[in-house]
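Hi there,

Here is the structure I promised to pass on to you. Please have it open while you read, and my notes follow just below it.

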Amino acid sequence: YLTVNLAASLAYADLKVLLIDANLRRPGVDRMIRPAVLTPGLRDCLAPNPPPLGDVIHEDVLPGLSVIYAGGEVGNAGELLSGGT
């Protein structure tokens with residue numbers, strides 16, 4: 001909640017902001033800022049054969065605010081973030 005509000009406030013202050021939901025165990029940004037369409041998220045970027053970054057970034061969710069969603073819960077978040085499979 002705090003991070004989403006801070007990101008929105010910085011965007012309203014005419015700063016370019018990229019908010020990344022890196023909480024792969026309990027993602028929550030998608031509950032506060034609903035994605036217009038379902039797309040891959042950070043989880044997919046960390047997996048083998050990641051999608052192009054342009055497919056993951058939701059640009060201008062608000063003026064100046066872009067979002068990368070977590071892409072869903074992951075049971076092995078620690079391994080995924082460390083590069084293990």
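Is aspartate 55 buried, partly exposed or exposed? Aspartate 55 counts as partly exposed because its relative accessibility is 43%; the classes are buried for under 20% relative accessible area, exposed for over 50%, and partly exposed in between, with a 1.4 Å probe and protein chains only.

Before going further, a word on the ground rules. This is a predicted model, in which local features need pLDDT of at least 70 and side-chain atom pairs count only at pLDDT 80 or more, while totals for chains, interfaces and linings use all residues. Residues are numbered from 1 along each chain as its sequence is written, and side-chain values use heavy atoms, with hydrogens and water left out.

**The loop between α3 and β2**

Aspartate 55 sits in the loop between α3 (42–46) and β2; helices (H or I, at least four residues) and strands (E, at least two) are DSSP runs, numbered from the N terminus. Not counting residues up to four places away in sequence, aspartate 55 touches Thr39 and Pro40, where contact means heavy atoms within 4.5 Å.

Proline 50 has its place in the loop between α3 and β2. With a relative accessible area of 48%, proline 50 is partly exposed. Its contacts, leaving aside neighbours within four places in sequence, are Asp44 and Cys45. Between the C-alpha atoms of proline 50 and glycine 71, which are 21 residues apart along the chain, the separation is 12 Å.

Asparagine 49 also lies in the loop between α3 and β2, and it is exposed, with a relative accessible area of 74%.

**Positive phi values**

Asparagine 49 has a positive phi near 55°. Aspartate 60, found in strand β2, has a positive phi of about 50° although it is not a glycine; aspartate 60 is exposed, at 51% relative accessible area. Aspartate 14 follows α1 and has a positive phi near 65°. The place of aspartate 14 is in the loop between α1 and β1, and it is exposed, with a relative accessible area of 71%. Aspartate 14 and alanine 36 are 22 residues apart in sequence and 23 Å apart in space, C-alpha to C-alpha.

**Helix α1 and its two sides**

Which residues of α1 are buried? They are Val4, Ala7, Ala8 and Ala11. These residues lie on the same side of α1 because they cover an arc of only 95° around the axis, the arc being that of the directions from the helix axis to the C-beta atoms. Leu2 and Leu6, on the other side of α1, are exposed. The cover over the buried residues of α1 includes β1, α2 (29–32), β2 (58–62) and β3.

Alanine 7 counts as buried, at 5% relative accessibility. Leaving aside its neighbours within four places in sequence, alanine 7 is in contact with Val17, Leu19 and Leu65.

Leucine 10 lies in α1 (residues 2–12) and is partly exposed, with a relative accessible area of 34%.

**The nonpolar cores**

The largest nonpolar core has 10 residues: Val4, Ala7, Ala11, Val17, Leu19, Val29, Ile33, Leu65, Val67 and Tyr69. Such a core is a set of buried Ala, Val, Leu, Ile, Met, Phe, Trp, Tyr and Cys residues joined through side-chain atoms within 4.5 Å. Two or more residues of this core come from each of α1, β1 (17–20) and β3 (65–68), and α1 gives the most, with 3 residues. A second, separate core has 8 residues, among them Leu24, Ile68, Ala70 and Ala77.

Happy browsing!
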